[in-house]
Amino acid sequence: MKRNFRLIKIFLIFLFILSSSNAWANYLPVASYKIDIRLDDKEKIIYGQEKIFFLNISEKNIDTLYLHLYANAFSSDSTIFVRESKSLKKMMQKEEYRGYLKIKTVKAFSKELSWDVDETRMMIFLFEPLKPGRDIELSLEFELKLPQIISRMGYDKDNFILSEWFPKMAVLEKEGTWKDFPYHYFTEFFSDFGTYDVSITLPLKYIIDGTGYIVAEKKNPDSTKTVTFKAEKVHDFAWCASPDFRIRKTNIDGVEVVFLLLPGDLYKYQRWAEAAEVALKYCNSHFGRYPYSKLVIVDSYIGLVGMAIECPMLITMPPKIPFLPENIRLDEEILIHELVHQWWYGVVASDEAEEAWLDEGFTTYTTRKIMEKEYGEKGNLLDLWGVKISDQNLAKWVYLKYPKLDPIFKPSWEFVNSTSYGVNVYYKASLVLELLENIIGEEKMDTLLKEYYNRYQFKHPKTDDFIKVAEKVTGQKLDSFFKEWLFETKTCDYEVRKIKSEKKEKIYQTTVELRRNGDIIMPVEILIELENGEKIKEKWDGKDKWFELKLETKAKIRSAILDPENKIVLDANVNNNGLSTKPYRWPVFKLFSNYLFWMESVIQWMIDFF
Ligand SMILES: [Zn+2]
């Protein structure tokens, strides 16, 4: 029986490798875990036993396995993670912010294996190579000292939040390359899918939830309890525990949404539940069903530094945004963003370290679509005292501040700083998708994203895979579009330079001089308004550096506006898009100058936040 089972498994793996880019490929767990841990909540230490079941889906024999030990980023004030941040060095000199993930033993087939640790990376040396299609079961013993929370894992008083916390396999690619990046300050994650069976023993007073489903809970004689979770088709297991959580539950589109709220934040439930409903329903209908029947939304307790984070089947919300009136929709923006990650980060799960835009850019773009659909195109983020700010205003303004620092496509740790990382992989990337939508139309864009999501769920697609789907769905060659916008720092800027108008007999002869200041060529539309109210639409292919548009009209020209429908959302200077023959303040200019003062701080905050 066992032999037959192994043959079937090898056959399945063979199919998986062959068909890794085909929609019909079966899902196969690559890295699965059985973890038993005990939380010492006084010492903030977790003692753990872990079994890892790892399949070699590459084409090569593997003699070394690579793992991530992310918690070691907090082991001293000189780790890569700390060195790359501006603010952590001083903090990390305090003992309470320090943590570590110590490996005690590693075994396979009951024999001890040798291993080595390089800060957040671990190497396990096998006795004999692991052949393609073969799996291995490893047993590890570890000790995790939790830091007072700085980022993504740790504690604050009696509250615990843990993501990416256990010894975790790095991704082995088909060609035999390991994606075993060290933990960088603004790098996110990349992991294989698998099955998780996690038992957590902790004092009775804690309310706990996490990725997956609680399948057992038992009281122990020593005033502790053991809670067992099971999750399938996920690539991390995150959990939160606090004695203070208040539970609220709702069912949205067949998904049980569990809110873990802190007592002071109970009033937020209604608003958060409404935002969750909007986001879940949008993504279910636009991309494909959320593949699980539970989602946990945790009110975290760690102030602004704690961030809102996304984990499979679990997201956290920052608590310390004070009560905001309904027309400041920061809670909605953040919750929708984190929830949308369930599709792009949780299910599609591209390499966030090297191609972060495939998650953050897609998530930011989708968040904007939902905000616009639900709360209107203008003022969907803020609509107060006559000031209207939309999610799109925010993205454009951020992009305009730093249009040329880095391209979007780049390993996260190679960006000049965290601001450039944020501007590119979140905001510019979201605008590139919006620009693509403006070129191919909303209907095609919907088809494209649906096709991409369904084809590549659980498969770690790369940028090239997305481009291929885009070309297939649209029937257009899009390689130069993506090359310029993703891989280069070129900009696009068209200008109305001059308007000359002379009356000859009863006819006005007008020349509108248009310029192309950027390197990226886009076809543009021009809207001419005459003094009698007549409107004329013209087009320019935008290829030359300049172009004279000549018109003969009965009424005098009043204004010329380039891209009047705002399709080129990545225009690097919108202030030169219009000219008027009369004193005339172009509304977009007014809008930008009004917001300039306070947008600066909001933007920096948003970049730091996600
Ligand atoms: Zn995000």
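Where does H5 bend, and by how much? I started my notes here: the bend sits at His341 and comes to about 40°. I keep in mind that this is a predicted model.

**Entry 1: the rest of H5**

I looked up the span next. H5 covers residues 330-348, and its 19 residues reach 26 Å from the first C-alpha to the last, close to the 27 Å expected at 1.5 Å a residue. I then asked myself how covered H5 is, and found it mostly covered, with 17 of its 19 residues buried. Ala349 follows the helix and has a positive phi, near 55°.

**Entry 2: the sheet under H5**

H5 lies across E21, E22 and E23, and I get about 160° for its run relative to E23. I traced the sheet these strands belong to: five strands, open, in the order E19-E20-E21-E23-E22, with mixed pairing.

E21 (residues 294-299) runs parallel to E23 (residues 314-317), and four bridges join them. One bridge I picked out puts Asp299 with Met317 of E23.

**Entry 3: H9**

On to H9, residues 442-456: its 15 residues reach 21 Å between the first and last C-alpha, close to the 21 Å expected at 1.5 Å a residue. Which residues of H9 are buried? My list reads Met445, Leu448, Leu449, Tyr452, Tyr453, Arg455 and Tyr456. The spacing made me recall that an α-helix has 3.6 residues a turn, so residues three or four places apart point the same way. Looking for what covers the buried residues of H9, I noted that the cover includes H4 (269-286), H5, H8 (418-440) and H10 (463-474). Just after H9, Phe458 has a positive phi of about 65°.

**Entry 4: H6 against H7**

I wanted a helix pair with both numbers written down. The axes of H6 (residues 357-375) and H7 (residues 391-401) come within 9 Å and cross at roughly 145°. On the H6 side I have Thr367, Arg368 and Met371 making the contact, and on the H7 side Asp391, Gln392 and Ala395. Sorted by class, I get two nonpolar, two polar and two charged residues.

**Entry 5: two antiparallel pairs**

Next I looked at the hairpin of E26 and E27. E26 (residues 494-504) and E27 (residues 507-516) run antiparallel and share ten bridges. Tyr494 is opposite Arg516 in E27. Two residues lie between the strands, and Glu505 has a positive phi near 55°.

I also went back to another open sheet, this one of four strands, in the order E6-E7-E3-E11 and with antiparallel pairing. Its edge strands are E6 (114-118) and E11 (168-169), each pairing on one side only. E6 runs antiparallel to E7 (residues 121-130) over five bridges, and I found Trp115 opposite Ile124 in E7.

**Entry 6: Lys90**

Last stop: is Lys90 buried or exposed? Lys90 belongs to H3, residues 88-91. I call Lys90 exposed because there are 10 other C-beta atoms within 10 Å, and exposed takes 12 or fewer. I also noted Asp77, which is 13 residues from Lys90 in sequence and 7.7 Å away in space, C-alpha to C-alpha.

Technical notes
Residues are numbered from 1 along each chain as its sequence is written. This is a predicted model: local features need pLDDT of at least 70, side-chain atom pairs count only at pLDDT 80 or more; totals for chains, interfaces and linings use all residues. Two strands pair if DSSP finds at least two bridges between them. Two residues are in contact if their C-beta atoms, placed from the backbone, lie within 7 Å. Axes are lines fitted to C-alpha atoms, for helices over the stretch in contact, and angles run from 0 to 180 degrees between N-to-C directions. The expected span of a helix is 1.5 Å times one less than its number of residues. The bend at a residue is the angle between axes fitted to the seven residues ending there and the seven starting there. A residue is buried if 20 or more other C-beta atoms lie within 10 Å of its own, exposed if 12 or fewer, and partly exposed in between; C-beta atoms are placed from the backbone. Ala, Val, Leu, Ile, Met, Phe, Trp, Tyr, Cys and Pro count as nonpolar, Asp, Glu, Lys and Arg as charged, and the others, Gly among them, as polar.
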